[in-house]
Amino acid sequence: MKIIVVCVISLMGLVQAGILNDEQKAKIIEFDKECRKETNLDDDVAQKAKNGEYVDDPKLKKQFFCFNKKAGFQNESGDFQVDFIKSKLNDITKDEQITNNLINKCLVKKSTPEDTAFEAIKCFHQMSPEKDLLS
Ligand SMILES: *[C@@H]1O[C@H](CO)[C@@H](O)[C@H](O)[C@H]1NC(C)=O
């Protein structure tokens, strides 16, 4: 079975970048898989998201919200768990200023938890650190 790991991108390509350890990678894949079961996300939409093309699809938004909840980034009501996200980002960026920038820019509350998750993940991906952030 082919599993497309959509939400890996939500962590800014960190898996590819070798920043995450095996346990963290396994967790991400597990969360993603569990959410795929709930959301029935289409493979082509998932693949596009992986490539940076975010289709305006309710299933994709649900997928992201589901993932963020499992990861502890959003709670049931869709609120960002800012302190937790901050500490995770700090581990990666090792730079409080970069972390705060990302948070101010990307953690924006929208009208629904799903939209909130969608926009945040899109934003993180766009600010993707393939360039400077992780070098
Ligand atoms: C979600 O988090 C927000 C902000 O931290 C908090 O005010 C709210 O009570 C939480 N809701 C639930 C259902 O835990």
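**Disulfide close-ups in a predicted model**

**View 1. Cysteine 106 and cysteine 123 form a disulfide (a pair of cysteine sulfur atoms within 2.5 Å).** Their sulfur atoms lie 2.0 Å apart. The torsion about this S-S bond is about -70°, so the disulfide is left-handed. The bond links distant parts of the chain, 17 residues apart: cysteine 106 belongs to helix H6 (residues 96-106) and cysteine 123 to helix H7 (residues 113-126). Helices (H or I, at least four residues) are DSSP runs, numbered from the N terminus. Both cysteine 106 and cysteine 123 are buried, a term that denotes under 20% relative accessible area (1.4 Å probe, protein chains only).

**View 2. A disulfide joins cysteine 35 and cysteine 66.** The two sulfur atoms are 2.0 Å apart. Because the torsion about the S-S bond is about -85°, this disulfide is left-handed. Cysteine 35 lies in helix H2 (residues 22-39) and cysteine 66 in helix H4 (residues 58-71), so the pair ties together parts that are 31 residues apart in sequence. Cysteine 35 is buried, with a relative accessible area of 0%; cysteine 66 also counts as buried, at 8% relative accessibility.

**View 3. The whole structure contains two disulfides, as found by a search.** With the bonded cysteines of the protein chain numbered in sequence order, the pairing is 1-2, 3-4.

**Notes on the model.** This is a predicted model, in which local features need pLDDT of at least 70 and side-chain atom pairs count only at pLDDT 80 or more, while totals for chains, interfaces and linings use all residues. Residues are numbered from 1 along each chain as its sequence is written, and side-chain values use heavy atoms, with hydrogens and water left out.

How values were computed
Helices (H or I, at least four residues) and strands (E, at least two) are DSSP runs, numbered from the N terminus. Buried means under 20% relative accessible area, exposed over 50%, partly exposed in between (1.4 Å probe, protein chains only).
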